[in-house]
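Q: Could you walk me through this model and the way its chain packs?

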Amino acid sequence: MSLERKDEYDHGEWMREKELTPVEKTFLTTLIWMDKRFRIVDYLEILETLYYRVNLQMPKSHTEQYNLDNKFWYWYPLYALGSFSTIAYGVAAVSGALLGFYYAPATTGDPTTAYNQLAFIMTDLNFGFMLRSIHRWSAQVMVAAVFLHMLRVYFTGAYKEPRELNWIIGIILISLTMVFGYTGYLLPWDQLAFWAGQIGVEMSLSIPLAGEWVAQLLFGGFSLSQATLQRMYILHVFLLPFVVTTIIAVHIGIVWIQGIAEPH
């Protein structure tokens, strides 16, 4: 007598009775193999049940109340701005990671090293000009898309209950997007970056009571130096991507649970 637990269903016999393509057979075989070891089907059913229970608690949307075609609002151009922002962020992240193979902040105390590396990327590196342009334009498109997305949410009343938490998260995201853009703006260490950094120092110093502390923390002092560039690089490459990606995931997750708010 075997001690092995018998399978409740003969999947092999069921698959032999069906006319399956090689792709379907491979997929089902893999799924059955995974399910016997990790019970992934049970977890998928739990997630499905949780999704429907949560959505049953949400108020009816505008299109549900008036029996309108939901697809109209989902494909309306203004309602694609959130996805467009995410796509632009993804393009900027990938192109920025590729630029990171050739760019590094100055480590010798001379910040002009960063500008020389940028000049190499733009003039000598194969496809370097295109790569940097893609990174720059995707970042600018992301800023514009996030701003327009926030306007759409405001004017359609999508910030109201029960979506007020996601509205606050959106405000945090647009603020971090501005910080993302500013820190990246300083990395080339050209004239535009220098004077943008100088303005940032002066703005920090103008903060009551904590101004000098903020300038020391963010810019490494009261004037621009190699420490300023180092701080901007750490924020732009090592800190902000992880923070922003996590918050975007939470933001999209809440939208997935609550659904898209149509105009009221």
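**Packing and surface**

A: Residues 24 or more positions apart account for 65% of the contacts (heavy atoms within 4.5 Å) in the chain with a separation of 6 or more. This is a predicted model in which local features need pLDDT of at least 70 and side-chain atom pairs count only at pLDDT 80 or more, whereas totals for chains, interfaces and linings use all residues. Residues are numbered from 1 along each chain as its sequence is written, and side-chain values use heavy atoms, with hydrogens and water left out.

Q: How many helices and strands are there?
A: The chain has twelve helices and zero strands, taken as DSSP runs numbered from the N terminus (H or I, at least four residues, for helices; E, at least two, for strands).

Q: Which residues touch the most others in the largest nonpolar core?
A: Y103, L187, F219 and L229 do, within a core of 16 residues; such a core joins buried Ala, Val, Leu, Ile, Met, Phe, Trp, Tyr and Cys residues through side-chain atoms within 4.5 Å, where buried means under 20% relative accessible area, exposed over 50% and partly exposed in between (1.4 Å probe, protein chains only).

Q: And which helix gives the most to this core?
A: Helix 12 does, with three residues, while helix 7 (112-123), helix 10 (191-205) and helix 12 (226-258) each supply at least two.

Q: What does Y103 touch?
A: Leaving aside residues up to four places away in sequence, Y103 touches A114, Q117, I121, L187, L229 and Y233.

Q: Switching topic, is I134 buried or partly exposed?
A: I134, found in helix 8, is partly exposed, because its relative accessible area is 35%.
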